[in-house]
Amino acid sequence: VIGGRYKLVRNLGSGEVGMVYEGVHEGTDRRVAVKIIHPDVAHTHGDELLRWARRTAQIRHAKVAGVLGAKREGDGITYIVTEFLDGETLMQKLRSGGPMDPLATSDLLFQLCSALAPIHRAGRPHANLKPENVFLLPDENGQDFVKIVDIGSPTLFGIQKNASQTVIVGTPKYFSPEQATGAVVGLPSDQFTVGIIGYLLLTGALPFYGATPPQLLESIASGHFRPLKERAPKTPDTLAQIIHR
């Protein structure tokens with residue numbers, strides 16, 4: 001039990017920032033997701049992550065997973081609690097079904113932009129956007145309803161440089177050029193990542209490639225990629241142009 005109220009039920013996975021558990025609020029039996037920040041990250045960036053989580057908690061939107069709590073306990077354990085989503089991720093859908101047709105892709109991209117809009121209106125980027133953080137829940141008609149999770153910190157996710165080393169925080173395949181070069185990350189960073197996701201949905205491949213992380217980051221920073229229609233010829237010109245832009 002963490003925070004005196006959230007009983008941890010099972011581990012859901014781990015990332016660069018923390019471990020995620022399915023939990024239950026002991027007072028209401030509500031299912032929640034609890035991210036416990038890794039101790040080293042909590043030591044260096046805990047205050048920042050808590051600050052962004054509390055700002056995110058002010059966002060009320062059907063397509064954004066709600067933040068229910070964010071706290072550091074007296075023993076140093078730092079955690080963020082969000083609503084629990086019982087669905088599949090966009091990455092799971094891609095792995096099981098392969099590339100999507102233009103109509104399905106357009107619908108998902110439209111929903112994804114709708115989900116990002118209230119976050120951007122709050123004056124911040126998501127900064128940790130990737131198919132694993134896009135959930136698809138069935139709506140009343142059995143269609144995919146997009147909901148995004150795990151909003152990151154624009155000053156943490158990307159390349160972190162110090163005197164002795166360069167550290168990659170996040171998933172570089174979906175980085176914007178700003179994240180790939182250690183520049184200031186703003187709202188356009190998310191737009192770039194939406195383009196990468198759109199390319200992936202239509203082709204089943206990523207636009208940027210590198211045999212090593214530094215080569216991948218250099219590829220993103222250079223902006224050179226194979227045109228989408230060479231890989232997915234049936235893509236309408238307008239959709240291809242939007243994704244390229």
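Helices α3 and α5 pack with their axes 10 Å apart and at an angle of about 160°, where axes are lines fitted to C-alpha atoms, for helices over the stretch in contact, and angles run from 0 to 180 degrees between N-to-C directions. That angle makes α3 roughly antiparallel to α5, since angles over 145 degrees count as roughly antiparallel, under 35 as roughly parallel, 65 to 115 as roughly perpendicular and the rest as oblique. From α3 the contact (heavy atoms within 4.5 Å) involves P102, T105, L108, L109, L112, C113, L116 and H120, and from α5 it involves L187, D190, V194, I197, G198, L201 and L202. Sorted by type, the residues of this contact are eleven nonpolar, three polar and one charged, with Ala, Val, Leu, Ile, Met, Phe, Trp, Tyr, Cys and Pro counted as nonpolar, Asp, Glu, Lys and Arg as charged, and the others, Gly among them, as polar.

The model is predicted, so local features need pLDDT of at least 70 and side-chain atom pairs count only at pLDDT 80 or more, whereas totals for chains, interfaces and linings use all residues. Residues are numbered from 1 along each chain as its sequence is written, and side-chain values use heavy atoms, with hydrogens and water left out.

Helix α5 also packs against α2, at an angle of about 20° and with the axes 10 Å apart, and these two helices are therefore roughly parallel to each other. Here L90, M91 and L94 in α2 meet I197, L200 and L201 in α5, and the residues of this contact divide into six nonpolar, no polar and no charged.

The largest nonpolar core has 36 residues, with L90, I148 and L201 having the most contacts inside it; such a core is a set of buried Ala, Val, Leu, Ile, Met, Phe, Trp, Tyr and Cys residues joined through side-chain atoms within 4.5 Å. Elements that each supply at least two residues of this core include α2 (90–97), α3 (102–121), β8 (144–148) and α5 (187–203), and the largest share, seven residues, comes from α5. Helices (H or I, at least four residues) and strands (E, at least two) are DSSP runs, numbered from the N terminus.

Q111, found in helix α3, counts as buried at 7% relative accessibility, where buried means under 20% relative accessible area, exposed over 50% and partly exposed in between (1.4 Å probe, protein chains only).
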